[in-house]
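Trainee: I would like to learn how to read a structure feature by feature. Can we work through one together?

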Amino acid sequence: MGSRPSQEPSPPTSRPPRDSSPLPRSPGSLEPSQYTAGARLGTGALGEVFEATDAQGTRVVLKRLHRHCAADPDLVDMFRHEARVLAALDHPGVPRLLELCPDRGTWMQVLERVEGLDLTQLARRAPELPLALGVEIVRQLLGALGHVHTRAYANGPPLQIVHRDLAPGNVMASRDGVVKLLDFGIATSLWRPDPDRGRMKGTRGYLSPEAITGEHEVDARSDLFGVGVLLYELTTRRRLFEGPPVVVMAAIAEGPTPSPARDVPGYPPALDLVVRRALARVPSLRFESAAAMGHSLEDAAAVLGLPAARAELGVFVARILDGAGGARSSSPPG
Ligand SMILES: Nc1ncnc2c1ncn2[C@@H]1O[C@H](COP(=O)(O)OP(=O)(O)O)[C@@H](O)[C@H]1O
Ligand SMILES: [Mg+2]
């Protein structure tokens, strides 16, 4: 793991709940008026995500725990843990948490709004992603993930953050060409270690073998497996693990290590090596860190003559956003 950040992470929230009870006492009594909600961006099992503006007109995103989930102390704890993790991170590749506040009987995170597309939207709207941009997305994603995995308090222990849900709906590319890792909803950390060793939490098709079998602990290398799936899909423009749940689970847990070069004629061997190592079934055979995978990806990109392409990625995303049809996805987020 890399060096520790020199600064103490900022405190968990700008407005921390004062007590440990999960809910405001009287739902309806705390109505934050400073945000004007707009379109819904997604609905998940635990909450909803909306576009919004604050009183100054700044564009933000509101992520609100479903009210029925707010009755479950464990789900409230997870939601607040997500906010705590976000507040401890400080990287351009992770949206900033602006506030965690009670909202009409439940809890709401206020987040920096990413003006861009998540990778599910990108796949739908740009089936022909240039190879250089697929590589650029993963290059930046690994930078963010390296920060997440190595984050530590100054002179303190590493926070041991594992994202556990690397999936297309949880990665965005902005119109500035910046890649952002979202949705730390099921992340684990020093503050909330995983009680069931990560089993089967995450997005099907992007789960690591150990998340399915429980044979090994779910750790940072499990996230790198998810990045491997994303790298495969971004550079081949095909889904890797598809089909009925049992088929997908068996392919991940028991199938041969995927090889894009085997599946796609002409696929660059240098990239194939990176994908295969990330997708090794046994964690100890994968890259040992996000930084190590990043270096290998850089080397492969150099061999292929693919320079960093942040500006090009921004132009590509902006062109889609500004094109006909609007950017919004109507499908549930991953
Ligand atoms: N900060 C943000 N800026 C812009 N869009 C966002 C932001 N956070 C989430 N979204 C959008 O909302 C979707 C759902 O958000 P996410 O945090 O992944 O929640 P869920 O738990 O519902 O998957 C994402 O796939 C993305 O399209
Ligand atoms: Mg998500």
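Trainee: What percentage of the residues in the protein chain do buried residues make up?

Mentor: Keep in mind that this is a predicted model. Of the 334 residues in the protein chain, 43% are buried. The secondary structure consists of 10 helices and 8 strands. Among contacts with a separation of 6 or more, 68% are between residues 24 or more positions apart.

Trainee: How should I read the sheets, and what is the strand order in the open sheet of 5 strands?

Mentor: In general, the strands of a sheet pair through backbone hydrogen bonds, and the pairing is either parallel or antiparallel. Here the 5 strands follow the order β1-β2-β3-β5-β4, and their pairing is antiparallel. At the edges are β1 (35-43) and β4 (97-103), each of which pairs on one side only. From one strand to the next, the twist averages 25 degrees. Between β4 and strand β5 (residues 106-112) there are 6 bridges in the antiparallel sense, and D103 is placed opposite T106 in β5. Helix α1 (residues 73-88) packs on this sheet, where it touches β3 (59-65), β4 and β5. The direction of α1 makes about 155 degrees with that of β4.

Trainee: In what order do the 3 strands of the other open sheet, with β6, β7 and β8, stand?

Mentor: The order is β6-β7-β8, with antiparallel pairing. Both β6 (116-118) and β8 (179-181) are edge strands with a single partner strand, so one side of each has no neighbour in the sheet. The twist in this sheet averages 25 degrees from one strand to the next. Strand β7 (residues 171-174) is joined to β6 by 3 bridges, and the two run antiparallel. Within that pair, D118 is opposite M172 in β7.

Trainee: How far apart are the end C-alpha atoms of helix α5, and how many of its residues are buried?

Mentor: At 1.5 Å a residue, the 17 residues of α5 (residues 220-236) should span 24 Å, and the end C-alpha atoms are 25 Å apart, which agrees. As for burial, 16 of the 17 residues are buried, so α5 is largely enclosed by the rest of the structure. Just after α5, R237 has a positive phi of about 60 degrees.

Trainee: Which residues have the most contacts inside the largest nonpolar core?

Mentor: In soluble globular proteins, nonpolar side chains tend to be buried together. The largest nonpolar core in this model has 82 residues, and those with the most contacts inside it are V138, L141, V227, L230, L231 and A278. Domain 1 (17-112) and domain 2 (116-324) each contribute at least three residues to this core. Apart from its neighbours within four places in sequence, L231 is in contact with V138, V274, V275 and A278.

Trainee: Where do Q160 and R164 lie, and is each buried or partly exposed?

Mentor: Q160 is in the loop between α3 and β7, and R164 lies in the loop between α3 and β7 as well. Q160 is not a glycine, yet has a positive phi of about 55 degrees; for R164, also not a glycine, the positive phi is about 70 degrees. R164 has 26, so R164 counts as buried.

Technical notes
Residues are numbered from 1 along each chain as its sequence is written. Chains are lettered from A and ligands numbered from 1 in the order in which they are written. This is a predicted model: local features need pLDDT of at least 70, side-chain atom pairs count only at pLDDT 80 or more; totals for chains, interfaces and linings use all residues. Helices (H or I, at least four residues) and strands (E, at least two) are DSSP runs, numbered from the N terminus. The expected span of a helix is 1.5 Å times one less than its number of residues. A residue is buried if 20 or more other C-beta atoms lie within 10 Å of its own, exposed if 12 or fewer, and partly exposed in between; C-beta atoms are placed from the backbone. Two residues are in contact if their C-beta atoms, placed from the backbone, lie within 7 Å. Two strands pair if DSSP finds at least two bridges between them. Axes are lines fitted to C-alpha atoms, for helices over the stretch in contact, and angles run from 0 to 180 degrees between N-to-C directions. A nonpolar core is a set of buried Ala, Val, Leu, Ile, Met, Phe, Trp, Tyr and Cys residues joined through C-beta atoms within 7 Å. Domain bounds come from an automatic or database domain assignment.
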